[in-house]
Amino acid sequence: RLPSAMKPLLLVLSHVQDEHLGWIAEQYEVLYAPDDAGRAAQIRAAGARVRAVLTIGSVGLTAAEIDA
């Protein structure tokens, strides 16, 4: 398990089971936003700090969101 200060910020944009989210959180600081409202809010608030995104093909990430 990484110390919190060393964990890269991961934006999760698709539904993930709680157990799996816990496993992911062992290595990443997680922003969980599986719905449109949460997604927009998280990208606005922390987009510049996000280092990785977990998504699925049907959800994806737009160029504008990447630029945020």
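Q: Where does Ser 14 lie?
A: Ser 14 sits in the loop between strand S1 (9–12) and helix H1 (18–25). Helices (H or I, at least four residues) and strands (E, at least two) are DSSP runs, numbered from the N terminus. This is a predicted model, in which local features need pLDDT of at least 70, side-chain atom pairs count only at pLDDT 80 or more, and totals for chains, interfaces and linings use all residues. Residues are numbered from 1 along each chain as its sequence is written, and side-chain values use heavy atoms, with hydrogens and water left out.

Q: Is Ser 14 buried or exposed?
A: Ser 14 is buried, with a relative accessible area of 8%. Buried means under 20% relative accessible area, exposed over 50%, and partly exposed in between (1.4 Å probe, protein chains only).

Q: Which residues does Ser 14 touch?
A: Not counting residues up to four places away in sequence, Ser 14 touches Tyr 32, Pro 34, Leu 54, Thr 55 and Ile 56. Contact means heavy atoms within 4.5 Å.

Q: Stepping back, how many helices and strands are in the protein chain?
A: The protein chain has three helices and three strands. From the N terminus on, its elements run β-α-β-α-β-α. The radius of gyration is 12 Å, close to the 11 Å that the globule rule gives for 68 residues, so the protein chain is as compact as a globular protein of that length. That radius is taken over C-alpha atoms, and the globule rule is 2.2 Å times the number of residues to the power 0.38.

Q: What share of the 68 residues counts as buried?
A: Of the 68 residues, 28% count as buried.

Q: What is the mean pLDDT of the protein chain?
A: The mean pLDDT is 92, and 99% of the residues reach 70 or more. pLDDT is the predictor's confidence in each residue, from 0 to 100. Among the elements, S1 has the highest mean pLDDT (97) and H3 the lowest (90).

Q: New topic: how many salt bridges does the count come to?
A: The count comes to two salt bridges. A salt bridge is a side-chain nitrogen of Lys or Arg within 4 Å of a carboxyl oxygen of Asp or Glu. Glu 29 forms a salt bridge with Arg 49, their closest N and O atoms being 4.0 Å apart. This pair links distant parts of the chain, 20 residues apart: Glu 29 is in strand S2 (residues 29–32), and Arg 49 is in the loop between helix H2 (36–46) and strand S3 (52–54).

Q: And which side chain meets Glu 65 in a salt bridge?
A: That is Arg 39, at 2.6 Å, N to O. This pair also links distant parts of the chain, with Glu 65 in helix H3 and Arg 39 in helix H2, 26 residues apart. Glu 65 and Arg 39 are both buried.

Q: What makes up the nonpolar surface patch?
A: Val 53, Leu 61 and Ile 66 make the patch, which is about 230 Å². Patches are made of residues with over 30% relative accessible area and no salt bridge: like charges are joined within 9 Å, nonpolar side chains (Val, Leu, Ile, Met, Phe, Trp, Tyr) within 5 Å. Accessible areas come from the Shrake-Rupley method with a 1.4 Å probe; for residues, only the protein chains shown count as cover.

Q: Where in the chain is Leu 61?
A: Leu 61 is in the loop between S3 and H3. Leu 61 is partly exposed, with a relative accessible area of 32%.
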